[in-house]
Amino acid sequence: MKHNQTGSMACLHIILILGGAVMLIPFAWMILTAFKSATEATQIDPFVIFPKTWRTDSFTSVISKMNFFRLYLNTLLMIAGRVFFAVVTASLAGYALGRIHFKGKNLCFSLVMFQMMVPVQIFIIPQYLMVSRMGLLNTTFSLIFPGLVTAFGTFLLRQSYMALPADLEEAARLDGCSIPQTFFYIMAPLTRSGMIALGIFTALFGYKDLMWPLIANPDQNAMPLSSALAKLQGQFAANYPELMAASLLACVPMVVLYVIFQKQFIEGIATSGGKL
């Protein structure tokens, strides 16, 4: 029996290692292509994996063409703004929909669910018109604007608040706490893991957002990393080493954030029960 369990665990580990290796192949290919010449990157030879000469021309060329400091700053400001507003608005709305009884509560929650079921592309034109009429195109606010409220975050934190026992609110009410005091001092701190999960998902979704920045911020100095990479690709031809070098440089902020907040990433995703 013990040998069977050991064999099963060994098979499981082998499968997981192979799965992890398959997932790492695109990243390894991106790194290797970034150090190749344009000819090596486009030649059809499956046995040529490593570059003959490790070149850094692509990195210097991309850095000279693109202001990466500005792109990093725009991306970090967008992520920070979206995470802040998403957590604040979703916490307030999630608590109201999950713990407070009022008329029209089910209708409001149905509207939130309806927004989750509708493709986000439908809201691009109304959002663009709103930002344009405010005169805020090509600004940091225009990048943050779609993330001011989040239906997914409202639903996620509503579930977190509903999982808390009602005895907490009753005890707070007996102690004379008002609804805002109950929310800020008792209920909100207990949903910290849900807020962390929402912050993680919001940061990842904002980092990968491509269509909205291309529409709202066409100015190269106001772009985040995702739209700048899209602009780098030519219409009829593409310099793949430069694209891979720029993609590798664009991965740096998220890798650094993951290394710093690795524990919070794992805790938030595991607690929320979600997957990326």
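Here is a chat about aromatic rings and a nonpolar patch in a predicted model.

Visitor: How many aromatic pairs does the structure hold?

Guide: The predicted model holds 13 aromatic pairs. Take Phe109 and Phe155: their ring centres are 6.4 Å apart and the planes sit at 25 degrees, so this pair is stacked.

Visitor: Which helices do Phe109 and Phe155 lie in?

Guide: Phe109 is in helix α5, residues 105-117, and Phe155 is in helix α8, residues 151-162. The pair therefore ties together parts that are 46 residues apart in sequence.

Visitor: And Phe109, buried or exposed?

Guide: Phe109 counts as buried, because its relative accessibility is 19% and the cut-off for buried is under 20%. Phe155, at 27%, counts as partly exposed.

Visitor: What about Phe152 and Phe205, how are their rings arranged?

Guide: That pair is edge-to-face, because the planes are at 65 degrees, with the centres 6.5 Å apart. Phe152 lies in helix α8 and Phe205 in helix α11 (residues 192-208), so parts 53 residues apart in sequence are tied together by this pair.

Visitor: How exposed are Phe152 and Phe205?

Guide: Phe152 has 31% relative accessibility and counts as partly exposed. Phe205 counts as partly exposed too, with 47%.

Visitor: OK, switching to charges. What lies over the face of Phe109?

Guide: Arg158 does, at 3.8 Å from the ring centre. So Phe109 has Arg158 over its face as well as the stacked pairing with Phe155.

Visitor: And where does the charged end of Lys36 sit?

Guide: Over the ring of Trp29, 4.8 Å from the centre of that ring.

Visitor: Which helix gives the most to the patch?

Guide: Helix α4 does, with 4 residues. Both α4 (68-99) and α10 (179-190) supply at least two residues each.

Visitor: Pick one for me. Where does Leu92 lie, and how accessible is Leu92?

Guide: Leu92 is in helix α4. Its relative accessibility is 45%, so Leu92 counts as partly exposed.

Conventions. Residues are numbered from 1 along each chain as its sequence is written. This is a predicted model: local features need pLDDT of at least 70, side-chain atom pairs count only at pLDDT 80 or more; totals for chains, interfaces and linings use all residues. Side-chain values use heavy atoms; hydrogens and water are left out. Rings of Phe, Tyr and Trp (its six-membered ring) pair if their centres lie within 6.5 Å; planes under 30 degrees apart count as stacked, over 60 as edge-to-face and the rest as tilted. Buried means under 20% relative accessible area, exposed over 50%, partly exposed in between (1.4 Å probe, protein chains only). A charge sits over a ring if NZ of Lys or CZ of Arg is within 6 Å of the ring centre and within 35 degrees of the ring normal.
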